[in-house]
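Dear colleague,

Please find the structure below, handed over for your study. A short account of the findings follows it.

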Amino acid sequence: MSENSCSGIKLYSDVCTTQVRWLWYPFIALGKLTLLQGDPGDGKSTMMLNLIAAISNGGTTPDGQAFGRPHRVIYQCSEDGVEDTIKPRLESCGANCGNVAFIDEETHGGLTLDDERIRQSIASFRPWLVVIDPVQAYVGNDADLQVAGRARKLMHRLGIWASTYDCAIVLIGHLNKKEGSKNIYRSLGSIDVVAAARSVLQVERDEEDEDIRIVRQIKNSLAPVGDEIRYEIRPGSGFKWLVSSTSSCAVHVPDRNAIPQFETKQDKAVFLIKKYLTDGDMRSKEIFMRLHDEGIGRRTAQMAKQEMGVQSYRTRQEWYWTLGQKQNTE
């Protein structure tokens, strides 16, 4: 074992460069944290439910970016009833409720942001998107987001889960009342919450028409700041996206399925195995076959599996690989 390995040091030359993958370029990245904030009643949840509907059906973003096939979503909301409010709202948006899940807080007790059940649910359900609405309802107490150290730990843990399971995590939050402050300082809680988010979206009402909402990206650590997003919520007609001719669809959108260049076959195997297991457990036989088609042998695949800490289990005479916590006995 090298001296560098003992000290935890790793050379950047040993790191495989990969592209950021996007759920919605340049607003919501896969494997990262996004903060959606605004004043109460500005329609943040309504906007997100309409986006969830499109994701669950394999539709498109408001500016025309295709999601491809339908994807799973976890929508965790504490402010409304599941039976009489959330499900009817999902249905009215046209969501495929078979692809949208939640953690039953009535059965298992209240959740907090660092609750292991959130990670377990992500690991087993394999969502493309996880939405926590509102984030303030999922902290132990109000001070958790105000204290820098505590907020940093909470955000760091969520960021690790997003990266490990290659899903986007969106935290919906209410703004504080510091009207004279810059937008980035109006987030409720420590500035560490904003610092941890790779993208921060802020919802405001149009001064000329209060039924129209404007979403501005006030922070983007991964790409150029996106154009404004607009939508309306009117008493008679309800929700509608308002897409301008200068929307982000005119920007080059990175290919979600692009495979970067790798220095070694094992690096390529790590990338592909993570990609295969993002949507759920897979038969080891199928993984070996897919990797073989990419020019990767069984021995290299096993080495990549060990490096990643991928677990395996057996059911009905078939071996499966998982990013979850199954017992590795293969």
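**Salt bridges and their surroundings**

Arg234 is partly exposed, its relative accessible area being 25%. Please keep in mind that this is a predicted model.

Which residues does the side chain of Arg234 meet in salt bridges? One partner is Asp211, with an N to O distance of 3.3 Å. Arg234 belongs to strand E10 (residues 229-234), while Asp211 sits in the loop between strand E8 (199-205) and strand E9 (212-220), so this pair ties together parts that are 23 residues apart in sequence. Asp211 is likewise partly exposed, with a relative accessible area of 25%. Another partner is Glu232, where the closest N and O atoms are 2.9 Å apart. Glu232 counts as buried because its relative accessibility is 11%, and the cut-off for buried is under 20%.

A network is also found: Glu204, Asp206, Arg216, Glu228 and Arg230 are joined by salt bridges that share partners. The structure holds 18 salt bridges. One of them links the side chains of Asp80 and Arg89 at 3.9 Å, N to O. Asp80 is partly exposed at 31% relative accessible area, and Arg89 is partly exposed at 25%.

On the surface, Glu83, Asp84, Asp104 and Glu106 form a patch of negative charge. Glu106 lies in helix H4 (residues 105-108) and counts as exposed, at 75% relative accessibility.

Gly58 follows H2 and has a positive phi, near 75 degrees.

With kind regards

Conventions. Residues numbered from 1 in each chain as written. Predicted model: local features only at pLDDT ≥ 70, side-chain atom pairs only at ≥ 80, totals over all residues. Heavy atoms only, no water. Patch = residues over 30% accessible without salt bridge, like charges linked within 9 Å, V, L, I, M, F, W, Y side chains within 5 Å. Areas by Shrake-Rupley, 256 points an atom, 1.4 Å probe, with all protein chains shown as cover. Salt bridge = Lys/Arg side-chain N within 4 Å of Asp/Glu carboxyl O. Lys, Arg positive; Asp, Glu negative; His and termini not counted. Charge placed at Lys NZ, Arg CZ, Asp CG, Glu CD. Helix = DSSP H or I, 4+ residues; strand = E, 2+ residues; numbered from the N terminus. Buried < 20%, exposed > 50% of the residue type's maximum accessible area, 1.4 Å probe, protein only.
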